[in-house]
Amino acid sequence: TMRPTPYQAYLRIQIGCDKFCTYCVVPATRGPEQSRPPAHIVQEARVLADQGVREITLLGQNVNAFHGPEENGNSVSLAGLTARLAEIPGLLRLRYMTSHPNDMLDDLIDAHVSQPALMPFLHLPVQSGSDHILQAMNRKHTAQQYLDLIERIRSVRPDIALSSDFIVGFPGETEEDFQATLDLIKKVNFASSYFFKYSIRPGTPGAEMDNQVPEEIKSERLQRLQELADGQRYAYNADSVGKVMPVLFEKKGRYPGQIAGKTPYLQPVQVDGPDSMIGCVADVLITETRTNSLMGSLVGEKA
């Protein structure tokens with residue numbers, strides 16, 4: 001368990017991965033997917049909640065493939081686990097990462113509607129918008145399948161914030177492949193995105209591939225992706241101005257008299273307010289957007 005603040009915890013529930021993406025060392029280093037027993041996780045979460053934790057992020061190399069073994073021989077899905085955790089007194093918010101599109105099953109999508117504690121934020125890496133590259137990566141889905149999945153998720157939870165990972169310059173990536181990635185990003189409109197230049201990992205199939213992309217092309221593409229993504233993130237945050245959102249306050253703010261926290265959509269917020277509100281959820285009117293955070297003012301009482 002990691003505790004970035006007294007009110008947040010990261011709880012590992014699953015390790016390993018069975019996906020064998022060609023750029024990744026996880027299956028070799030961490031082995032096959034293994035899920036922890038739900039009873040152990042719930043017990044650990046109860047202890048954390050008793051210690052004042054209000055938000056838990058469930059971690060796994062492929063967290064939505066979670067199938068926790070029970071003593072009766074059954075297994076529990078991630079949606080089933082979050083439903084149990086949501087019953088713990090004092091635990092207000094649940095998040096999870098990192099997910100694979102192929103394990104984003106209906107019960108988990110529907111949990112984002114039926115379980116108020118499950119936050120409307122989803123980190124769902126796609127890596128590329130080109131089917132040719134997705135196939136070379138062994139991602140086992142197409143760009144269209146990813147877009148269809150996003151549509152299905154948004155049809156039940158229109159306000160969900162989406163983030164993703166992208167690898168730039170995977171072996172064989174042409175300008176056309178790269179354009180397909182830009183097109184996918186434009187179609188989805190992410191709240192935030194993370195980019196990585198492809199780098200050779202010894203022992204992975206990607207390292208053996210011919211047609212490695214030159215470093216200067218990778219850098220140039222990375223910059224173009226960054227500009228598009230920064231624009232999307234800024235627009236997403238600007239769209240929050242004028243809205244009232246519940247913010248979980250986690251710590252003191254940047255300046256004296258300020259406190260800082262996050263919206264359900266994982267946006268950092270700074271407001272003027274008393275330290276006594278740290279660890280509480282309160283409604284905040286978002287008043288302006290800065291480069292990396294939102295500014296707001298408290299409205300009403302704390303929860």
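Buried means under 20% relative accessible area, exposed means over 50%, and partly exposed lies in between (1.4 Å probe, protein chains only). The model is predicted, so to speak of local features requires pLDDT of at least 70 and side-chain atom pairs count only at pLDDT 80 or more, while totals for chains, interfaces and linings use all residues. Residues are numbered from 1 along each chain as its sequence is written, and side-chain values use heavy atoms, with hydrogens and water left out.

**Exercise 1.** Determine where Pro 268 lies, whether Pro 268 counts as buried, exposed or partly exposed, and what Pro 268 is in contact with.

*Solution.* Pro 268 belongs to strand E13 (residues 268-272), strands being DSSP runs of at least two E residues and helices runs of at least four H or I residues, numbered from the N terminus. With 34% relative accessibility, Pro 268 is partly exposed. Once neighbours within four places in sequence are set aside, Pro 268 is in contact (heavy atoms within 4.5 Å) with Gly 261, Lys 262, Asn 292, Ser 293 and Leu 294.

**Exercise 2.** Classify the aromatic pair of Phe 170 and Tyr 198, and state which parts the pair ties together.

*Solution.* Rings of Phe, Tyr and Trp (its six-membered ring) pair if their centres lie within 6.5 Å, and planes under 30 degrees apart are stacked, over 60 edge-to-face, the rest tilted. The count by this rule is 4 aromatic pairs. Phe 170 and Tyr 198, at 5.2 Å centre to centre and 70 degrees between the planes, are edge-to-face. Phe 170 lies in the loop between strand E9 (161-168) and helix H7 (175-188), and Tyr 198 in the loop between strand E10 (192-197) and helix H8 (205-208), so the pair ties together parts 28 residues apart in sequence. Phe 170 is buried at 0% relative accessible area, and Tyr 198 is buried at 4%.
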